[in-house]
Amino acid sequence: MSRSPIRSILSTKDSKMYNPKESESSPSKAKPEGAVCDPVSLEIIRGAIAAAQSEMEALLERTAISAFIREKKDFYTALFDGDGVMAVGSMVPVFGDMTGPVFDKFPAETMKPGDLYWYNDCYGSRGAVSHSNDQVLLAPVFKDGKRCAFVMSWAHFADIGGMRPGSISPDATDIYQEGIIIPVTKLIDQGVTNEATLDIFHRNSRFPEQSIGDMRALMASVDVGVKRIGEILDRFGADVVEDALAQLLTRTRKLVRSKLAETFDYGTHKFTDAIDSDGHGNGPFKMRLSLTREKLANGEDKFTFDATESDDQAPGPINFLMNRGVPGMALGLFYLGGDPGQVCNAGGPQALDAVKLRQGSFLQPNFPASLGMRGLTMMRVLSALNGLVNTAGGKAPAANSAYVITIMRGNYKDDAGDLKRFLLADGIGVGYGARPDADGIDAVYFVAQENYPVEFLEVGYPVRLRTYGIVKDSGGAGKYRGGCGIIREYEILAEDMMLAVRIDSVKNPPWGINGGMGGGTGRVTINPGRTDQRIVPPLSDGNRLVKGDVLRMETGGGGGYGHPFDRNLDAVLEDVLGGFVSAELAERLYGVVVKGTKVDQGATSALRATRPATRAFHRQEYVDVLA
């Protein structure tokens with residue numbers, strides 16, 4: 001793919017960020033951090049704001065109508081300080097500056113108690129939201145007339161119009177085909193809701209009852225966040241809370257910068273990964289990432305993330321309008337490593353001194369490029385960041401597969417025999433990459449999001465699950481095995497159905513590292529084993545099925561870590577007996593001979609005596625560098 005320097009009509013706003021890194025030129029505070037909030041109060045406030053954020057999520061999950069929010073848990077909540085800097089958020093490393101787009105149109109000093117702001121405009125928000133199904137609500141929190149904080153809830157809405165039910169489709173070629181676009185709007189003005197705006201939005205959905213219920217849940221989530229943060233302000237006072245949030249931000253930023261310095265030596269470190277296709281016959285699309293560490297004249301380190309060498313934007317919808325805060329957020333979450341003393345906040349993005357993106361690339365596409373299937377590119381970016389850490393000698397996991405999306409739309413007959421339409425958007429888990437000291441996780445969708453339960457699918461939709469299990473041999477072989485993917489077989493009970501599917505990493509499977517092998521690939525088959533069997537392209541729409549057809553989905557696995565011959569014999573045996581690894585692959589890749597329910601020690605010792613040579617990475621073959 002070429003990499004011409006295309007400019008965007010929106011590029012003049014591209015560099016603006018509202019999560020500024022503190023610098024010598026920043027205005028000094030009246031009091032230094034820690035002068036107002038003592039260490040004990042700091043930890044109490046840290047726990048309180050994290051609890052408030054969790055309560056917002058719980059309310060949204062329990063009151064939403066659509067399955068993608070209620071069952072899939074495709075939502076996100078966060079709290080910000082009075083300047084709009086993220087103070088605590090969910091452990092989802094794909095968001096950056098969420099408040100800046102609101103401040104562009106509604107300056108913070110004009111905001112009042114009871115206001116609520118709404119947007120889903122991807123380009124207008126500079127990638128703060130990265131496909132149109134995601135609705136963002138943001139509200140200020142006041143104490144004694146002073147703006148002290150913001151709360152935000154975000155969720156994926158099932159259908160917002162567009163060319164196909166579900167609003168995202170591999171067929172899309174511009175964002176107008178992906179549903180209604182909401183620029184930053186004041187939805188509630190000092191407690192008075194703009195009902196006309198909501199009516200316009202819901203009228204554009206093919207399933208307005210779902211849309212209405214989900215918006216009510218989203219608004220309620222923000223409302224409870226405003227109340228809980230207000231209670232914290234009442235208890236501790238605005239000055240103490242302000243100081244606490246500043247301390248937490250500094251704590252995270254300093255930790256991430258120290259970890260970056262431990263990982264990355266001076267110089268430039270590079271890594272390349274690839275997307276197979278955009279669904280329109282184009283590809284592969286390569287993301288070329290680098291991180292440079294240099295020492296400034298004042299002795300301070302400067303960390304620069306650069307993705308400008310990535311390929312041009314795609315005609316199809318796999319473009320990822322990556323907010324500039326995303327690389328730092330992702331690296332920050334990796335380095336936080338589940339430390340209970342830390343919170344996910346803007347300290348990660350602030351740890352990077354510069355983020356360089358090229359307008360017109362598929363990581364910073366020009367308006368109105370389509371974005372609906374950006375999830376697979378986002379997942380490849382996260383794996384590529386792991387690769388970048390590993391090239392510098394860090395110990396990040398091997399690559400994971402990108403979660404699989406299926407969208408089934410059609411008609412079924414209800415109990416009265418009347419024809420009704422349905423929309424089933426189902427995200428299916430995959431295998432995650434092995435870690436330096438543990439196997440990869442099996443059957444994961446994304447972070448805390450979940451696979452639909454069988455009972456829920458069969459009660460709510462015209463399908464029957466014939467098979468639901470692990471895809472044997474899909475996890476990359478290694479001292480630590482890559483996670484395995486999922487197999488689901490749906491028997492179609494609807495009268496007719498159109499299927500859209502998104503699978504990636506077929507031509508470019510997830511890579512293994514340090515001797516670990518690449519993960520397995522996914523595939524989609526209609527009527528497997530029958531005379532009318534057919535294979536579905538991995539990124540396609542318009543695949544027609546009828547009542548009685550069987551849809552088999554198999555998702556990919558994660559890469560392995562370390563030489564497979566170093567894997568513990570008991571672990572290999574457990575994998576074979578548990579159905580994760582076949583006896584044939586155990587012998588061929590792990591050098592372990594399994595007879596019945598036991599390891600043949602003699603045959604295994606003989607096999608492992610001839611240890612195959614490996615190189616740094618594995619993707620179909622061992623290589624020193626992925627290019």
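In the predicted model, strand E10 (residues 301-306) pairs with E11 in the parallel sense, and three bridges join the two strands. Within this pairing, Asp306 stands opposite Lys356 of E11. Both strands belong to an open sheet of four strands, ordered E8-E9-E10-E11, in which the pairing is mixed. The edges of the sheet are formed by strand E8 (267-275) and strand E11 (354-356); each has a single partner strand, so one side of each is left without a neighbour in the sheet. From one strand to the next, the twist averages 15°.

Helix H9 (residues 374-391) lies across E8, E9 and E10, and runs at about 145° to E8.

Aromatic side chains were examined next. A pair of aromatic rings is described by the distance of the centres and the angle of the planes. With ring centres required to lie within 6.5 Å, the count comes to 17 aromatic pairs. For Phe456 and Tyr461, the ring centres are 5.9 Å apart and the planes are at 80°; because planes over 60 degrees apart count as edge-to-face, the pair is assigned to that class. Phe456 and Tyr461 are both buried. One aromatic cluster is formed by Trp118, Phe157 and Phe201.

Charged side chains also sit over aromatic rings. The charged end of Lys72 is placed over the ring of Tyr452, at 4.7 Å from the ring centre. Arg421 lies over the face of Phe207, with a distance of 5.2 Å to the centre of the ring.

A further site concerns Gly559, which is found in the loop between strand E21 (550-554) and helix H11 (569-578). The relative accessible area of Gly559 is 0%, and this residue is therefore buried, the limit being under 20%. Although Gly559 and Tyr432 are 127 residues apart along the chain, their C-alpha atoms are separated by 7.3 Å. When neighbours within four places in sequence are left aside, the residues in contact with Gly559 are Ala398, Ala399, Gly433, Ala434, Gly476, Gly482, Pro510, Trp511, Gly512, Met517, Gly518 and Gly519.

Methods:
Residues are numbered from 1 along each chain as its sequence is written. This is a predicted model: local features need pLDDT of at least 70, side-chain atom pairs count only at pLDDT 80 or more; totals for chains, interfaces and linings use all residues. Side-chain values use heavy atoms; hydrogens and water are left out. Rings of Phe, Tyr and Trp (its six-membered ring) pair if their centres lie within 6.5 Å; planes under 30 degrees apart count as stacked, over 60 as edge-to-face and the rest as tilted. Buried means under 20% relative accessible area, exposed over 50%, partly exposed in between (1.4 Å probe, protein chains only). A charge sits over a ring if NZ of Lys or CZ of Arg is within 6 Å of the ring centre and within 35 degrees of the ring normal. Contact means heavy atoms within 4.5 Å. Two strands pair if DSSP finds at least two bridges between them. Axes are lines fitted to C-alpha atoms, for helices over the stretch in contact, and angles run from 0 to 180 degrees between N-to-C directions.
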